[in-house]
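Hi,

Here is the structure I promised to pass on to you. Have a look at it first, and then read on for what I found in it.

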Amino acid sequence: MSDASQEGGPATPPRSRTPSWAARTEADPRRWWGLAVIAIAQLMVVLDATIVNIALPSAQRDLGMSDANRQWVITAYTLAFGGLLLLGGRIADLVGRKKTFMIGLVGFAVASGLGGAATGSGLLFGARALQGAFAALLAPSALSLLTTTFTIGKERSKAFGIYGAIAGGGAAIGLIAGGLLTEYLNWRWCLYVNIPIAALALIGAAVFLHDKPERGRVHLDAPGVVLGCGGLVAIVYGCSEAEPRGWGDGLVLGLLVGGVVLLGVFAWWQTRARHPLLPLHIVRDRNRGGAFLTMALAVIALFGMFLFMTYYLQTVLGYSPVRTGVAFLPMVAAIVVGATQISARLLHRIPPRFLMVPGALLASTGLFTLTFLTAEPAYVSHVLPAMLLVGLGMGLTFMPVMATATSGVAPHDSGVTSATVNTAQQVGGSIGTALLNTIATSTSAAYIADHLADAARKSGGPGLTPAVREAIVKSGVVDGFTVAIGVGSAIMLLAALVAGLLVNGRAPKRGQAPAADSAASADAAV
């Protein structure tokens, strides 16, 4: 790889060195239909992480799940998805991005059908793990197909604008879809709905997607798979267990420490492996490394907000699942505007950090606004303005982060690079959900205990009325949410700082050659 990409942006070779395959791809008018196929598949993967959340109470009652085991409906998916992403990305490079994409679609649809038809909790947990495994094939191959299909100027910005809107808004769309399907059909349709979507995407992939053949360039690093995937699984599992057990629990600490050790050994091995699973030049690049870290921090801050606002709207304000989903619509609209109408129009004109930093600051401001919530209805005065700010900030941030993270990568490394982007998002979401939920629950417990004792002393009577007790509990729950969201706001500020300090790539010059092809040419020269 050329060192030029590590300073001011990717190297620019002469036009004559641009591969004819890339030129043919850019000239193909069907590439925009291919983008639609990629977008549909990515939306299915992203929303499936949250669509089941609203349906979970219904599924628990129907299948007789215990409170202790219900988390596995979510954890089984995130464990397999987050832990296998690096392997899925390298498989895409090894056997072909289009082929891996189509295999992922078929497997995801089959797993969704199994989960929807589950007659017991064990089958549902297994189906969710299978969904996660095929999502680990699907997500990196989708992003790498996007990276190798759209490589020039405005078209690349527009394509990544659409993709960024899906990545940022998919979780909220999952809440909306989950509410509608649960209320008007039943929880099983939150899984069955993936089957027609996957079938439509499969047909579209066969017709519209094209893949550049890579012969003899990619090999599978078996020790790297064991170390890298094992470390990621341990960290994601440790974070999921931190919610019910607490961060000081022996199992949680063992998993987190073990995961960090495995990843440390993985990094050491990648410097010595003949064909590394994750070539370290990918993460050593200043711009890509900054984009990965910005993505992880932003998702840590945001995933907790999705969880808390869902509970706030349903348990505190008494919204139905459908009304809760609709309440997230303004944020989805703001994400789309930020990603497609602002970032996509400006990314090829200005440096990417000029979008990332303001975006993260807007999102941080929106999160800070939510720290003023009370147990009284406050959707119009507090929730709506905050959602608009957060949504606009996400749209401005996610799109240039993904474009920067995948820029200047040789085609034979595009799958594993795309997997690293998704890994940052997935691991960040796991850490954020566990960390912020722990802060919220501990804060709420302390608030409720103190205020119940204080109210009992002041009453001097036989006991507190149910109305007083309920009011204290609601206020305590909201207090926990606001404190945790305040921490999320600070983490988002840190994401803005990281983007401002590390991401120093310049805006592409007019007529600049494709970034991915530049890297490929430089790599070939080496």
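A word on naming before we start: helices here are DSSP runs of H or I with at least four residues, numbered from the N terminus. Please also keep in mind that this is a predicted model.

With that naming, S112 has its place in helix α5, which covers residues 97–116. Is S112 buried or exposed? Its relative accessible area is 0%, so S112 counts as buried. Leaving aside residues up to four places away in sequence, S112 touches Q131, L191 and N194.

Now for the protein as a whole. The secondary structure comes to 20 helices and 0 strands. There are 526 residues, and 56% of them count as buried. If you take the contacts between residues at least 6 apart in sequence, 86% of them join residues at least 24 apart.

Setting aside residues up to four places away in sequence, L255 touches A234, I235, Y237 and G238. For G238, the separation from L255 is 17 residues in sequence, while the C-alpha to C-alpha distance is 5.1 Å.

Lastly, the aromatic rings. The count comes to 6 aromatic pairs. One of them joins F368 and F372 in an edge-to-face arrangement, with 5.4 Å from centre to centre and 90° between the planes. F368 has 45% relative accessibility, so F368 counts as partly exposed. There is also a charge over a ring: R323 lies over the face of Y319, at 3.9 Å from the ring centre.

That is what I have for now. Happy to talk any of it through with you.

Best wishes

Methods: Residues numbered from 1 in each chain as written. Predicted model: local features only at pLDDT ≥ 70, side-chain atom pairs only at ≥ 80, totals over all residues. Heavy atoms only, no water. Phe/Tyr/Trp six-rings, centres within 6.5 Å; stacked < 30°, edge-to-face > 60°. Buried < 20%, exposed > 50% of the residue type's maximum accessible area, 1.4 Å probe, protein only. Lys NZ or Arg CZ within 6 Å of the ring centre and 35° of its normal. Helix = DSSP H or I, 4+ residues; strand = E, 2+ residues; numbered from the N terminus. Contact = heavy atoms within 4.5 Å.
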